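I opened this model to look up its cavities, its cores and its ring pairs. My entries follow in the order I made them.

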Amino acid sequence: MAERAWSQAMEKRQLPDGPNARQRIYLIGRLRKAVKWATLLAQLCAVKGDSRTSLEAEAYASYMKGNLLFEQDKNWDTALMNFKSARAVYEELGKYGDLENQVLCRERVEELEPSIRYCLHKVGESNLQTSDLLHIGEMEGPALDLFKAKLEAVMDEARSQQAASMTEFHWLGHRFPISNAKTRVSILKAQELEKNLHGPAADSLPAEKRLSIFDKIFTAYHEARSSIRNDLVTAGNAENVKDELNGLDKAVSALLGQRTIERNQLLVSLAKSKLNKRRDDKNEKLTKPEELVRLYDLLLQNSADLSDLVSSGRDRKPEEVAFAEECVLKSLVFRAERCFYLAKSYSLAGKKTEAYALYCHARHLVDDALHKLEAATNSDEGMIKELKMLHEDCRSNSCIEHAAGILEEMKAPDKLSKKISTISLAGGDKKLEKFLLEKLDVYESAVGDSNTKVVPHIQPFPPEFQTIPRNPIVLDLAFNAIDFPSLENRMKKDKKGFISRLWR
């Protein structure tokens, strides 16, 4: 019952927009129920269970009490005492028992540590900085659900204090003043998240984590743009203020476009890693060349939009001109990559001639991009190396397609003679007519010629029965079906004397 109440509270805590006032009251009520049932469990184990079971129940009750006080945001001293009590018990229990029990106890100790550090931070007995709490928030575990909600509120306060000193935003040689506090906080949040992507530990981050960071960056920049455009509406007739806000909006939009390109490039690298991989036991979805073509279409569109955005406006700085040229070079690279994977898709479809022509065209595009990249002042060595590898791939694949086409042409007479030899004058079985929905890609009449009496094949009638979703009937019948384990080995052993044994 305690776990059920705690799970219902965590369900409300993990809502996308967080619990509202009514849901928060329900959440705290569920945590109170969890504390009640955990306390009753501790009292029962103290009477009926052995010393180890009683200690585990006491630690569990202390953990539930700490969660309740943590969510209520008060009595931090009492919450700290409960968390420390639970940690001490789990540390002692982790020294004994089998290996599985020791691992479980160590996991509980690790999950309790962030909550204890946060309570120390609130009480004022710790030198932990607010920014250091972010490293704790990266940990995973069921005990950290309440902690992460509190962490976000603390980080918002820290960003608000830091934003007070941020007066200007620098972008490609421009300086834009920022007067709105909401805009400053949103830009600071995005910059903190960008440090995780471009820092020294960025390569060690898993792809799913990096994608989630990109989503948070997009949210922060969209909030900044919304605040800027609200300021534009209220700016009135002040032309200088409007020019500064328009320039700031352009800078934030350009940064948003850059991060969009980086995110799509990450998706491309993930898709490439799954392109030539064989299907394993996990039934992982493999990548088709058509998916890479679609991703490169998005990259081309992103690069064109970003180049148009940076090229617009008057009084362009040299940094803006160089950035626009870099976008054009990236577009050339993306075009070559797209043409290569388009050729690969045609090759898999059995169209050798089209694949050969596209591989040759991709090689010409790679040559053009390489020539312009090597002539640029700040050329990217990694991109040049990647293009050289792509050039070799285009050359080898074009030779393969050329050879396969010649081989297919040499086998064509044999295939034709074999098909002619199987022709029968008696006729074969009657061809089954398909319905209209089954041949939408074929330009054939489903009604038939008006001069012949043919049954129309539009849709089978009567239609077949289909299953439809409906609301489930939820009954709490799980409790009656649970087969609880035996607790005889954890019960207290009654000591009996000699006389009691005679009357047994």
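Which helices each supply at least two residues of the lining of the largest cavity? I find that α9 and α10 do. Helices here are DSSP runs of H or I with at least four residues, strands are runs of E with at least two, and both are numbered from the N terminus.

Ground rules next. I am working on a predicted model, where local features need pLDDT of at least 70, side-chain atom pairs count only at pLDDT 80 or more, and totals for chains, interfaces and linings use all residues. Residues are numbered from 1 along each chain as its sequence is written, and side-chain values use heavy atoms, with hydrogens and water left out.

**Cavity**

I searched the whole structure and got one cavity of 30 Å³ or more. A cavity is a set of points on a 1 Å grid over the protein atoms alone where a 1.4 Å probe fits but cannot get out; lining residues have an atom within 4 Å of a point. Points are joined across faces, edges and corners, and the volume is the space filled by probe spheres set on them. The largest cavity holds about 30 Å³. I noted its lining residues, including Pro-177, Ser-179, Ile-228, Asp-231 and Leu-248.

**Cores**

I then looked up the largest nonpolar core. Its members number 62, and Phe-169, Trp-171 and Leu-387 touch the most other members. Such a core is a set of buried Ala, Val, Leu, Ile, Met, Phe, Trp, Tyr and Cys residues joined through side-chain atoms within 4.5 Å. Buried means under 20% relative accessible area, exposed over 50%, and partly exposed in between, with a 1.4 Å probe and protein chains only. Among the elements that each supply at least two residues of this core are β1 (168–171), α8 (181–198), α13 and α14. Apart from this core lies another, of 37 residues, among them Ala-9 and Cys-45.

I listed the contacts of Trp-171, meaning heavy atoms within 4.5 Å. Leaving out residues up to four places away in sequence, Trp-171 touches Lys-250, Leu-255, Val-310 and Glu-320, among others.

**Rings**

I count seven aromatic pairs. Rings of Phe, Tyr and Trp (its six-membered ring) pair if their centres lie within 6.5 Å; planes under 30 degrees apart are stacked, over 60 edge-to-face, the rest tilted. Phe-70 and Phe-83 are edge-to-face, because their centres are 6.2 Å apart and their planes stand at 75°. Phe-70 is in α3 (51–72) and Phe-83 in α4 (76–93), so this pair ties together parts 13 residues apart in sequence. Phe-70 is buried at 1% relative accessibility. Phe-83 is buried at 1% too.

Phe-340 and Tyr-341 are also edge-to-face, with centres 5.0 Å apart and planes at 85°. Both are buried.

Charges over rings came next: NZ of Lys or CZ of Arg must be within 6 Å of the ring centre and within 35 degrees of the ring normal. Lys-36 has its charged end over the ring of Trp-37, 5.5 Å from the centre. Arg-108 has its charged end over the ring of Tyr-63, at 4.9 Å.

**Two asparagines**

Is Asn-378 buried or exposed? Asn-378 is exposed, because its relative accessible area is 74%. Asn-378 sits in the loop between α13 (352–375) and α14 (381–421).

Asn-302, in helix α11, is buried at 17%. Beyond its neighbours within four places in sequence, Asn-302 is in contact with Thr-260, Ile-261 and Asn-264.

Terms used
On a 1 Å grid over the protein atoms alone, a cavity is a set of points where a 1.4 Å probe fits but cannot get out, and a pocket is an open set with protein on both sides within 12 Å along at least five of seven lines; lining residues have an atom within 4 Å of a point.
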